[in-house]
Amino acid sequence: MPVSFHRAGAALLLCALGLTACSPTFNWRETRVEGTPLQALMPCKPDAAQRSVPLLGTPTELHLLSCEAGGLRFALAWAEVPDADQLRPATLAWRSASLMAIRVSSPPDDEASTAWPVKVAGAAQVLGVSAQGQDPSGAAVQTRAAYFAQGQQVFQAAVYGERLPAEALDTFFGGLRLPTP
């Protein structure tokens, strides 16, 4: 009887381990961002939304994919600007608005205070941001974000959370790809 009890216990333990292995915290999946050339890895099935936002004083349609996994929010957003000369100013304005939204204490126009070295495959220029602020409830939140453009589209890829594990950041930002122009 003791032998079969140990075998049954071992079988239950293996079964329980198997179940947890089948439901990882981050279930990375290839995501094609509709209406853009951007491909990304998302750790969960994203919800889609869109709304009009003021960008450079002009109402602009902002598209968003986002999801939550492991206590983190992952977001991909994009908008079209009418003129390619507006790409850099639009990127900087978007960065400032995002930092103000999480109440970052450094001036939102000070790029050096929040600079983060990040690359996006296929993007000629990337503005990386690393900051700590507060969410709407006043709780501490960190962010890592990349702002980049191709054609007349500007993009933001961002992760928000109390703590940002390097492995999740590496996978998310390493999975961003634009075709080389």
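Colleague: What share of the 181 residues in the protein chain do buried residues make up?

Modeller: Buried residues account for 40% of the 181 residues in the protein chain, where buried means a relative accessible area under 20%, exposed means over 50% and partly exposed lies in between (1.4 Å probe, protein chains only). The model is predicted, so local features need pLDDT of at least 70 and side-chain atom pairs count only at pLDDT 80 or more, while totals for chains, interfaces and linings use all residues. Residues are numbered from 1 along each chain as its sequence is written, and side-chain values use heavy atoms, with hydrogens and water left out.

Colleague: How many helices and strands does the protein chain have, and what pattern do they follow?

Modeller: The protein chain has three helices and eight strands, where helices (H or I, at least four residues) and strands (E, at least two) are DSSP runs numbered from the N terminus. Read along the sequence, these elements follow the pattern α-β-β-β-β-β-α-β-β-β-α. Among contacts (heavy atoms within 4.5 Å) between residues at least 6 apart in sequence, 50% join residues at least 24 apart.

Colleague: Why is the link of C44 and C67 called a disulfide?

Modeller: A disulfide is a pair of cysteine sulfur atoms within 2.5 Å, and the S to S distance of C44 and C67 is 2.0 Å, so the pair meets the rule. By this rule the count comes to one disulfide, and the link of C44 and C67 is right-handed, with 85° about the S-S bond. Because C44 lies in the loop between β2 (39–42) and β3 while C67 lies in strand β4, the pair ties together parts that are 23 residues apart in sequence.

Colleague: Why are C44 and C67 called buried?

Modeller: C44 has a relative accessible area of 11% and C67 has one of 5%; each value falls under the limit for buried residues, and therefore both cysteines take that name.

Colleague: What makes P89 partly exposed?

Modeller: The relative accessible area of P89 is 37%, which lies between the limits for buried and exposed, so P89 counts as partly exposed. P89 has its place in helix α2, and its C-alpha atom is separated by 9.4 Å from that of L55, 34 residues apart along the chain.

Colleague: What makes a space a pocket rather than a cavity?

Modeller: On a 1 Å grid over the protein atoms alone, a cavity is a set of points where a 1.4 Å probe fits but cannot get out, whereas a pocket is an open set with protein on both sides within 12 Å along at least five of seven lines; lining residues have an atom within 4 Å of a point. The largest pocket holds about 710 Å³ of space, a volume being the space filled by probe spheres set on points joined across faces, edges and corners. Of the 25 residues that line the largest pocket, R51, S98, A101, Q156 and Y160 are the closest to its centre. Among the elements that give two or more residues to this lining are β4 (58–69) and α2 (87–101), and the largest share, six residues, comes from β3.

Colleague: How does the lining of the largest pocket divide by class?

Modeller: The lining of the largest pocket has 17 nonpolar, five polar and three charged residues, with Ala, Val, Leu, Ile, Met, Phe, Trp, Tyr, Cys and Pro counted as nonpolar, Asp, Glu, Lys and Arg as charged, and the others, Gly among them, as polar. The second largest pocket, with a volume of about 240 Å³, has nine nonpolar, five polar and one charged residues in its lining.

Colleague: How many cavities of 30 Å³ or more does a search of the whole structure find?

Modeller: The search finds two. The largest cavity has a volume of about 50 Å³ and is lined by L55, L56, T58, T60, E80, V81, P82 and Q86. The second largest cavity holds about 40 Å³ of space, and its lining consists of S98, L99, I102, V129, T143, A145, Y147 and Y160.
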